[in-house]
Structure formats: structure tokens, C-alpha cells
Amino acid sequence: MSNNTEYRVQPTDSFENQLITSARRQREQSENSLSTPEMIALPPKHTRYWGWIATPAAAAVGLLIGLLIHRPTEPQDNFSVPIVVATDNSGHSIADDGTDYSLLISL
């Protein structure tokens, strides 16, 4: 709104309209009293982001180090395979295991 705008309250205006008019007038007065700072020169925008260069370079260096560290071992002639013996513990009744389960009932 322009600074020359005048808000006049008419006797027939409702209280709400008078309140709106008063608020607009106060807003314009406070806006006119504000001072705006002069434009401050912003720092130049960086055109290159070093992450786009550093990330692939770091990945390539890591890959090269990984390839140099990993040296395949020579195959062994004697292979040892662990033998696992399975015991058959299934299919027995609790009455046959010899455990006194009456002690667990008191818990």
C-alpha cells in the first residue's frame, strides 16, 4: 500500500472494521519506521564442489589398496573336513530321563 493512504473511520463502521483500520494504520507506521540495511556483497559462489572429486578418488585409492593387500593363498593339497557325530536324543519320555521335576513346581 502506498504511504499516502489514509484510513478514516466512519461512524457507521462496525467495531471489527474500526479495529482492522487501526491495525492497518499501525502496521504502515511501523513499516515506514523500519530501516533496511544496504545490500551486502555475498561471497562468490563456489562453482566446484570438491566432494564430487574427492569421493571417486578415495574410492579408487581404497580399491587399489584392497587389491594390493589381498593376495590369494596357494591351494592346499590336504583338505581336512570336520566330522560331526550326531547323537539321537529324540523320542524319549520325561519319565525315562531320571530328572526330578517336582523341584520346578515350587518355583
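Me: What is the mean pLDDT of the protein chain, and what share of its residues reach 70 or more?

Reply: pLDDT is the predictor's confidence in each residue, from 0 to 100. The mean for the protein chain is 76, and 66% of its residues reach 70 or more. This is a predicted model, in which local features need pLDDT of at least 70 and side-chain atom pairs count only at pLDDT 80 or more, while totals for chains, interfaces and linings use all residues. Residues are numbered from 1 along each chain as its sequence is written, and side-chain values use heavy atoms, with hydrogens and water left out.

Me: Which elements have the lowest and the highest mean pLDDT?

Reply: Helices (H or I, at least four residues) and strands (E, at least two) are DSSP runs, numbered from the N terminus. Helix H3 (residues 102-105) has the lowest mean pLDDT (77), and H2 the highest (90).

Me: How many salt bridges does a search of the whole structure find?

Reply: A salt bridge is a side-chain nitrogen of Lys or Arg within 4 Å of a carboxyl oxygen of Asp or Glu. The search finds 1: Arg 27 pairs with Glu 31, their closest N and O atoms being 4.0 Å apart. Both residues lie in helix H1, 4 residues apart, about one turn of the helix.

Me: Is Trp 50 buried or exposed?

Reply: Buried means under 20% relative accessible area, exposed over 50%, and partly exposed in between (1.4 Å probe, protein chains only). Trp 50 is exposed, because its relative accessible area is 60%. Its place is in the loop between helix H1 (15-33) and helix H2 (51-69). By contrast, Arg 27 is partly exposed at 39%.
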